[in-house]
Amino acid sequence: MTRLSSYFLPTLKEAPAEAEALSHKLFVRAGLARQLSSGLWTFLPAGWRAHRKAEQIVREEIDAIGGQEMLMPVLQPAELWRTSGRYDIDELFKLQDRRGADLVLGMTSEEVLTFHVAREIRSYRELPKILYHFQTKERDEPRPRAGLLRTREFIMKDSYSFDRDEAGLQHSYDLHIEAYDKIFDRAGLRWYRVASDVGMMGGLGAHEYMAPCPAGENDVALSDAGYAANVEIASATPQPVDGLPEPLPAPERVETPGATTIEAVSNMLGVPPAALIKAFPVIVEGKGPLLVLTRGDHRLNEFKLQNALGAPARPAEGDEVPRLFGSVGGFIGPVGTTVDVMADEALRGLHGLVTGGNELDIHLRGVEPGRDFEPTWADVRSVEAGDTDPTGAVIRIEPAIEVGNIFKLGTRYTVPLGGTYLDAQDGEHPLWMGCYGIGPARIMAAAIEQYADDAGISWPRSLSPFDVELVGLGKEGEPAREVAERLYEELRQAGFDVLYDDRDSSPGEKFADAELLGCPLRLTVGKKGIEAGEVEAQIRRGREKRSLPLEGAAEAAAELWQSLP
RNA sequence: CGGGGCGUGGCGCAGCCUGGUAGCGCGCACCGUUCGGGUCGGUGAGGUCCCGAGUUCGAAUCUCGGCGCCCCGACCA
C-alpha cells in the first residue's frame with residue numbers, strides 16, 4: 001500500500017542553497033535523498049525504490065552473461081592491499097581495530113575476491129568465472145561534488161572475471177560489453193561507450209560508459225562517424241594552421257620584451273598562436289628533465305604524456321628551469337637546449353615557427369622541428385572540438401557522467417596475490433582478470449539530468465520509483481475518491497507499482513508534487529472526469545495529456561504504458 | 001592541496017558595515033474559506049543566531065581561534 005498521505009516523501013519547493021547541479025537539486029526537492037555530511041547521502045524510500053530498479057536491471061543482465069552474485073565485506077585487512085600495492089592510495093580509508101590491526105574500507109574488491117579465488121580455484125576446468133556483488137564502496141574523495149554524482153560512500157556493482165588466458169579475458173570483456181550495452185539501453189539513458197585511460201596501475205584496455213549531460217565531470221570526444229573516447233586519451237587530426245609564416249633558412253633571434261605568454265608573443269610578432277611552440281619543462285619520474293612541446297594553440301594532456309613516457313611527470317618548479325633546463329621561464333625553447341625534447345605530432349612538418357630563445361626577452365622565429373632540433377615524436381596534446389577523426393569526421397566534445405567502466409586487468413592482481421590455476425599440460429599459470437563497475441546512483445543521476453524539465457524529474461519507466469502516480473482530487477469521502485480507490489486497486493491488480501496521492505490538499509499541489517517526482521504516467525480522477533466518464537492521463541515526458549475511459553481505465557493505462565519512454 | 005563563498009526556526013533569506021527586546025517568505029499546527037494547476041484570511045508553535053575564547057555594562061553584530069558545508073581548480077587505480 002503506497003498512499004502518499006502516509007508515505008515518507010518530503011518534497012521541497014526550493015532547493016537547498018548549496019545545490020548547483022540539476023540532479024542534486026531534484027534529488028533533494030523530490031524527496032529522494034537527503035545529505036548527511038559531505039559526500040554522504042541517505043536514500044529516502046522513493047529514492048531507494050529507484051535505486052533498486054537500477055540495481056535489478058544490472059543484476060538481470062550480469063546474470064544473463066553467467067555472472068554469479070555474492071557478497072564481500074567492506075571492511076578488509078590492510079595486508080591484502082599492501083600485497084597488491086594499493087595501500088598507499090590517498091582515497092583509501094584506513095583504520096585500526098581495537099588490537100591495533102590495520103584495516104581498510106574497500107574502494108573495490110579485487111584483493112578480496114582474488115584472495116578467495118586464489119584459494120578455491122585450482123584447475124582450468126573451473127574456469128572461466130564471472131563473480132559479482134553490489135556492495136558499499138568507501139572513498140576518501142578530495143572533493144565530493146554535485147550531490148550524488150561524486151560521493152564518499154556509494155553502492156557499486158562490481159563484477160570480476162577470471163580466465164585462463166588473454167583470449168579468455170577478451171571474451172569475458174566482450175560479454176560485459178554486451179551486458180552493459182543492454183543495461184544502459186534498458187535504463188533509458190543516452191550513453192556512449194568510450195575508450196578510456198588504463199590508469200597508473202596499468203592494464204590491457206578499458207572502456208567507460210558515459211551518459212552525456214551538463215553536470216558531467218568527464219569530457220568525451222565524439223564524431224558522427226562513431227569515434228568515441230574520453231578526452232583523457234582521445235587522438236585526432238589537428239586543425240590546420242591558418243597563416244603559417246614563410247620558412248626561413250635558419251632560426252632568427254627576435255626581441256620580445258616581457259612577452260611570456262602565447263598571446264603576448266602572438267600579438268607582438270603578428271603570427272597566429274598556432275605558429276608558436278609551447279614548451280613545457282617537466283621532470284619525469286626516474287628519468288629527469290624533459291622539454292615537452294605542443295603547438296601554441298594546443299593543450300598538453302597529462303594522461304597522454306604519462307602514457308607516452310611510461311612514467312609520471314610533473315611540471316618543473318622553482319629554480320629547476322634555470323638549473324636543469326638552462327633557460328628562463330616564459331622564454332623556454334627547444335633550439336640549443338641540453339635536455340631531451342619531446343614534440344607533439346601536431347608540430348610535425350610545420351615551419352616558420354616561433355619558440356622561446358632560452359634568454360630573457362628573446363624568441364626565435366623561422367624554427368623548424370627536425371631541422372633546428374631533433375625531438376622524439378609523440379601524441380601528447382588534448383583533442384579539441386573541430387579536430388577530425390581518421391575518417392575526416394569532425395569531433396565534438398561533450399561533458400558526461402561516467403555510469404560504468406570495464407577494465408582488462410590482466411594479471412595485475414592475480415600475480416601478487418597468488419591467483420593461479422593448473423592447466424592440462426604444462427603446469428601453473430596466473431589467472432587473467434577483468435573488473436567491471438556500475439554505479440546505480442549515477443544511473444539515477446544521469447537519468448534525472450538527461451530528462452528533467454522545469455516541473456521536475458521525468459523518469460524513464462524502467463527506473464521510476466513508481467510506475468503510476470494516481471491523483472485523487474477532492475477530499476476523503478467524496479465520490480472522486482471512491483472512484484480513485486477503486487482504480488488504485490485495479491492498477492495494482494494490473495501489476496503496476498502505484499503511488500496514490502490520497503492527501504486532502506489542493507489539486508495544484510498534487511500536480512506539482514507528481515511532476516516533481518516524475519513518474520512516467522499520472523492518472524487523475526476528479527469530479528469533472530467522472531461526470532464525463534473519463535480519467536485523465538498525463539505522460540510525464542513532454543507532459544502530454546490524454547483521456548482514458550473510466551470503465552477499463554487500468555487496461556487502457558496498461559496499453560498506454562507500453563508506449564512510454 | 002590552491003583559490004573563493006557561506007553558516008541566523010524544517011527550506012530560502014534579511015539583520016551584521018554603524019553592538020542595545022531576533023525578523024520576513026515558504027513550510028508546519030489549528031479555525032474558516034477554496035476545491036482541475038502550489039487558493040485566500042485569521043490564529044499559533046517553533047531559534048544553543050555553527051562552536052569556543054576575547055573585547056564590552058551589553059555580542060547574531062566587533063576581534064582571535066576552531067569546526068562544518070558549497071563552488072572553481074588540482075586530484076579522481
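1. Helices here are DSSP runs of H or I with at least four residues, and strands are E runs of at least two, both numbered from the N terminus. On that basis chain A has 13 helices and 29 strands. The model is a predicted one.

2. Overall dimensions come next. The C-alpha trace of chain A spans about 95 × 65 × 50 Å along its principal axes. Of the 565 residues in chain A, 44% are buried. Take the contacts in chain A with a separation of 6 or more: 71% of them join residues 24 or more positions apart.

3. The three-stranded sheet is worth a look. Its strands run in the order S4-S6-S5, and the sheet is open with antiparallel pairing. Strands S4 (75–77) and S5 (93–96) are the edge strands; each has a single partner strand, so one side of each lacks a neighbour in the sheet. On average, neighbouring strands of this sheet are turned by 40° against each other, direction ignored.

4. Within that sheet, consider one pairing in detail. S5 pairs with strand S6 (residues 102–105) in the antiparallel sense, over four bridges. Lys94 has Val104 in S6 as its bridge partner.

5. Now the strand S25 (residues 468–472). Five of its five residues are buried, so S25 is largely enclosed by the rest of the structure. The cut-off for that reading is 20 or more other C-beta atoms within 10 Å of the residue's own. Side chains in a regular strand alternate between the two faces of the sheet. In S25 both faces are covered. Val468, Leu470 and Gly472 lie on one side, Glu469 and Val471 on the other, and all are buried. Note that Glu469 belongs to this buried set.

6. S25 has a parallel partner in strand S26 (residues 498–501), with four bridges between the two. Val468 stands opposite Val498 of S26. S26 is also buried on both sides: Val498 and Tyr500 point one way, Leu499 and Asp501 the other, and all are buried.

7. A packed pair is described by the angle between the axes and the distance between them. For helix H2 (residues 45–64) and helix H9 (residues 440–451), the angle is about 115° and the axes lie 9 Å apart. That makes H2 roughly perpendicular to H9, because angles of 65 to 115 degrees fall in that class. The H2 and H9 crossing is right-handed.

8. Which residues in H2 meet H9? They are Ala50, His51, Ala54, Glu55 and Val58. From H9, Pro440, Ala441, Ile443 and Met444 take part. The residues of this contact divide into seven nonpolar, one polar and one charged.

9. The second pair is helix H10 (residues 479–493) with helix H13 (residues 553–562). Their axes are 9 Å apart, and the packing angle is about 50°. H10 is therefore oblique to H13. The crossing of H10 and H13 is right-handed.

10. In the H10 contact with H13, Leu487, Glu490 and Leu491 of H10 meet Ala553, Ala554 and Ala557 of H13. These residues divide into five nonpolar, no polar and one charged.

How values were computed. Residues are numbered from 1 along each chain as its sequence is written. Chains are lettered from A and ligands numbered from 1 in the order in which they are written. This is a predicted model: local features need pLDDT of at least 70, side-chain atom pairs count only at pLDDT 80 or more; totals for chains, interfaces and linings use all residues. Axes are lines fitted to C-alpha atoms, for helices over the stretch in contact, and angles run from 0 to 180 degrees between N-to-C directions. Angles under 35 degrees count as roughly parallel, over 145 as roughly antiparallel, 65 to 115 as roughly perpendicular and the rest as oblique. A crossing is left-handed if the near helix is turned anticlockwise from the far one by less than a right angle, and right-handed if clockwise. Two residues are in contact if their C-beta atoms, placed from the backbone, lie within 7 Å. Ala, Val, Leu, Ile, Met, Phe, Trp, Tyr, Cys and Pro count as nonpolar, Asp, Glu, Lys and Arg as charged, and the others, Gly among them, as polar. Two strands pair if DSSP finds at least two bridges between them. A residue is buried if 20 or more other C-beta atoms lie within 10 Å of its own, exposed if 12 or fewer, and partly exposed in between; C-beta atoms are placed from the backbone.
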